[in-house]
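My notes follow the structure.

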Amino acid sequence: MANKTISSIAKDLNISRARVYQIIDMLDDNEKPSKDSNDRYLIDDRVVNAIRKYYANSNTKAKQEKTSPIDYKVLDIMRRQLDEKDRQIEKLTQLLDQQQQLNLSTNRQNEKLLDTTTDNTPSQDDSPLQNDDTDISEPTEGNYKGEETKTPKKGLFGWLSR
């Protein structure tokens, strides 16, 4: 019966020495190793097997906790919420389609209105008045003498253009 060291057990299990000490502290009193006169653990095969067994059990519990199945109540709630979201998306899509149809219809009506107003023969209100001199003043005796009068340029180099 050969005694083993904490380091050799840690190396065998691929864990830290601190974890080995934690496991030893967790062991039942009848499985714990005794100590020598220098306060070091005397670890025999019985203690090594107890440490391995404890480590294997704690490892499988941790794996089970990580891969535990989702609670079915939570899953059911999530399914209902997802169904509700799908219905909301479908309704919003329908509303968007209706809005696009309405916009298209309005655009067509606007185009028709524009076409009908531009294709009509001009009414009496639309035709310009024959004697309307508000936009262009024709030359008459009072406003046009037949000669241009330039005002001399003024400024710093105005004398150059004379």
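I began with the axes of helix 1 and helix 2, which come within 8 Å and cross at roughly 105°. Axes here are lines fitted to C-alpha atoms, for helices over the stretch in contact, with angles from 0 to 180 degrees between N-to-C directions. I therefore put helix 1 down as roughly perpendicular to helix 2 (angles of 65 to 115 degrees count as such). I then listed the contact (heavy atoms within 4.5 Å): I6, S7, I9 and A10 come from helix 1, and R17, V20, Y21 and I24 from helix 2. By class, I noted six nonpolar, one polar and one charged residue in this contact.

The model is predicted: local features need pLDDT of at least 70, side-chain atom pairs count only at pLDDT 80 or more, and totals for chains, interfaces and linings use all residues. Residues are numbered from 1 along each chain as its sequence is written, and side-chain values use heavy atoms, without hydrogens and water.

Next I looked up the elements, and found four helices and two strands. From the N terminus, I read their order as α-α-β-β-α-α. Helices (H or I, at least four residues) and strands (E, at least two) are DSSP runs, numbered from the N terminus.

Last I checked burial. Of the 162 residues of the protein, 11% count as buried, meaning under 20% relative accessible area with a 1.4 Å probe and protein chains only. I also noted that residues 24 or more positions apart account for 45% of the contacts with a separation of 6 or more.

Methods:
Parallel < 35°, antiparallel > 145°, perpendicular 65-115°, else oblique. Nonpolar A, V, L, I, M, F, W, Y, C, P; charged D, E, K, R; others polar. Buried < 20%, exposed > 50% of the residue type's maximum accessible area, 1.4 Å probe, protein only.
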